Amino acid sequence: MENTVQHVRRALKTRHLSMIALGGSIGTGLFVASGSAISTAGPGGALVAYIAIGLMVYFLMTSLGEMATYLPVTGSFAVYSGRFVDPALGFAMGWNYWFNWAITLAVDVSTVSLVMKFWLPDVPTWVFSTIALIIIFAINSFSVLSFGETEYWMALIKVVTVIIFLIVGFLTIFGIMGGRAVGLENFVYRKAPFIGGIPTILSVFVVAGFSFQGTELIGITAGESATPEKSIPKAIKQVFWRILLFYILSIFVIACLIPYTSPNLLGSSASDITISPFTLVFRRAGLASAASVMNAVILTSVLSAANSGMYASTRMLYSLSRHGDAPKVFGTLNQRGIPFAALLGTTAVGLFTFLMSIFGTRIYTFLVSASGLTGFIAWLGIAISHYRFRLAMKKQHRPLSELRYRAKLFPFGPILSFVLCVLVIIGQDLKSFADLDWQAILVSYMSVPLFLILFCYYKIRYKTKIIPLDKIDLTRHDIKSEKQ
């Protein structure tokens, strides 16, 4: 078994890790949802929100990078939570994350059909979704390298699109393309740049947070990286600058060229790509085929997200099984080093959820709502685990020179990440609390009680306690969870 794992580990290279983390964060959140952020908080408010969340994500990635280079395991933050905090937290974190991506997989393949309707409106939606699910399954069942290469090229398409968008956007701002130069006039238009003050900026934190989700995939891939101690720090450094530049500059361009009062920004959705902020900017510059091109890019983004989701959930289920927290059958590898049983199990859940979107919309809505905040819960787990990991190093008199990569500004990083994650989770839908709309509260916050149920189940059944700092296992090997 271990020989196979070591063989697999050599498959993913630095360029794969960089693009996987970058590709996981550049998607429909930037291409589509960024418009609603500008519409809600104004150009200045949107920029502040994305800068704040971008910095938080950077600190989270350095925290994850420090642990992943010290202990590169497939289960990533679920393993770290169980090892550095409490086995019950690791159990809940792993199942929570697996469930999130298995459901997201179904959402993504459903979105494929919406995007394809732009070109082929008369073909039944289930046809496109089924084809997408088969393609994603095939990519992940062939080899780890096939996943890495596919994700690399799909992410590259998104990166090139953003670069072209920025060039065209700045040329339009200065009047070189699209006619009159607009400069910063939309930043002082009516109530701009800040609309609604701090409360609206906090509400946009949620939108920005969802946009950045997927960057933590770099921790999952660490277990199958050739040289994690070299490739992960390099990937984290590259991802930070790329995300900051791509997201902040893209939102700046959109805010310059489209006034926050535009009804098209508020109505942005994957079902109508003709009013994507990117499409609107390209059209303003005089590029008539912008809608069709952006539709193709968004199709690539959705497929990329589904591909990453299948990989992440499969590896998490495999890790849960290896640590005794899931049925043993999911902890096996085939001859190509693929956890095929875990892949089948994840695909089955994704397929079930997709079928529910067709035949049982109530159940589908429930499942999607239940996975809503799980990404932020995973980020909380990363911050807590890293903080405890460092405290254990100090308690056990382990020198920091043992760390192959050191997180920046500890303990400020994990503390800031923890606080902002809590703010985002609480601020998911504050209006529903003000209106005492219990149905909306249930839909918005359902993933929190589900996570707590998993945590409490394990804690009560195995009577686990928070691991004392001097008892935390800091040896560099992947061990099976011990039921305390």
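Mentor: Let us begin with helix 17, residues 412–426: at 1.5 Å a residue its 15 residues should span 21 Å, and its end C-alpha atoms are 21 Å apart, which agrees. The expected span is 1.5 Å times one less than the number of residues. Helices here are DSSP runs (H or I, at least four residues), numbered from the N terminus.

Trainee: What kind of model is this, and how are residues numbered?

Mentor: This is a predicted model, in which local features need pLDDT of at least 70 and side-chain atom pairs count only at pLDDT 80 or more, while totals for chains, interfaces and linings use all residues. Residues are numbered from 1 along each chain as its sequence is written, and side-chain values use heavy atoms, with hydrogens and water left out.

Trainee: Which residues of helix 17 are buried?

Mentor: They are Gly413, Pro414, Ser417, Leu420, Cys421, Val424 and Ile425. Buried means under 20% relative accessible area, exposed over 50%, and partly exposed in between, with a 1.4 Å probe and protein chains only.

Trainee: Where do they fall, seen down the axis of helix 17?

Mentor: They fall within an arc of 135°, so they line one face of the helix. The arc is that of the directions from the helix axis to the C-beta atoms. An α-helix has 3.6 residues a turn, so residues three or four places apart point the same way.

Trainee: What covers the buried residues of helix 17?

Mentor: The cover includes helix 3, helix 8, helix 16, helix 19 and helix 20.

Trainee: And what is the peptide bond from Phe410 to Pro411, cis or trans?

Mentor: That bond is cis, with omega near 5°. Pro411 is placed in the loop between helix 16 and helix 17.

Trainee: Changing topic, is Glu66 buried or exposed?

Mentor: Glu66, in helix 3 (residues 28–70), is buried, with a relative accessible area of 1%. Leaving aside residues up to four places away in sequence, Glu66 touches His386, Phe389, Arg390, Leu403, Tyr405, Arg406 and Ala407; contact means heavy atoms within 4.5 Å.

Trainee: Which residue other than glycine has a positive phi near 55°?

Mentor: That is Lys463, in the segment after helix 20. Lys463 is exposed, with a relative accessible area of 64%. Arg190, also not a glycine, has a positive phi of about 50°. Arg190 lies in the loop between helix 7 and helix 8 and is exposed, at 62% relative accessible area.

Technical notes:
Helix = DSSP H or I, 4+ residues; strand = E, 2+ residues; numbered from the N terminus.
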